[in-house]
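Please look over the sequence and the structure below before reading on. The report then goes through a few residues and strands in turn.

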Amino acid sequence: MLLALSAACGAQTQTGSAPPPSASDLPSESTSPSEPELPGEGAKLVTKVDAAKLPEGYPRKVWTEGDGSRLGVTAQEGGCSRASVEIGEQSTDKVVLTLVETSPATEQMCTMDIRYPVFTVNLNAPLAERPVILDYQQRKV
């Protein structure tokens, strides 16, 4: 009897049902964070970015908005961790953004997902030709 039940459970097909969709019929996944798709009209990709301190695979997309005094960046977080951005330095030579990943100090169950939140910060002056240096920190709270 057990064998008959398991055989019946494994054969759940409906007569006249459509075949499963092919890969081309499925909706495409959202664009990768590394692709230069920018939020909003008038956003301009920043090409002078030093991302050497970021972990491998971390997004490296930076852009300006408006007159260039608003800077946007894509970060990465996952599970129980949360991303944030801090302005580390603004000088006539460069702008340093610190991308912070904060996670719980105590061990806990977390989901296994990766998210790419977008952050914007206001600069004291338009970015112009200054390079953007991306720094990275992990913190426990």
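Leaving out residues up to four places away in sequence, L134 touches V49, D50, A51, K53, L54, V62, V73 and L97, where contact means heavy atoms within 4.5 Å. This is a predicted model, in which local features need pLDDT of at least 70 and side-chain atom pairs count only at pLDDT 80 or more, while totals for chains, interfaces and linings use all residues. Residues are numbered from 1 along each chain as its sequence is written, and side-chain values use heavy atoms, without hydrogens and water.

L134 also belongs to the largest nonpolar core, which has 19 residues, and together with L71, L97 and V132 it touches the most other members. Such a core is a set of buried Ala, Val, Leu, Ile, Met, Phe, Trp, Tyr and Cys residues joined through side-chain atoms within 4.5 Å, and buried means under 20% relative accessible area, exposed over 50%, partly exposed in between (1.4 Å probe, protein chains only).

At 33% relative accessibility, E89 counts as partly exposed, and beyond its neighbours within four places in sequence it is in contact with K94, V95 and V96.

An open antiparallel sheet has the strand order β1-β3-β4-β9. β1 and β9 stand at its edges with a single partner strand each, so one side of each is left without a neighbour in the sheet.

Terms used
Two strands pair if DSSP finds at least two bridges between them. Helices (H or I, at least four residues) and strands (E, at least two) are DSSP runs, numbered from the N terminus.
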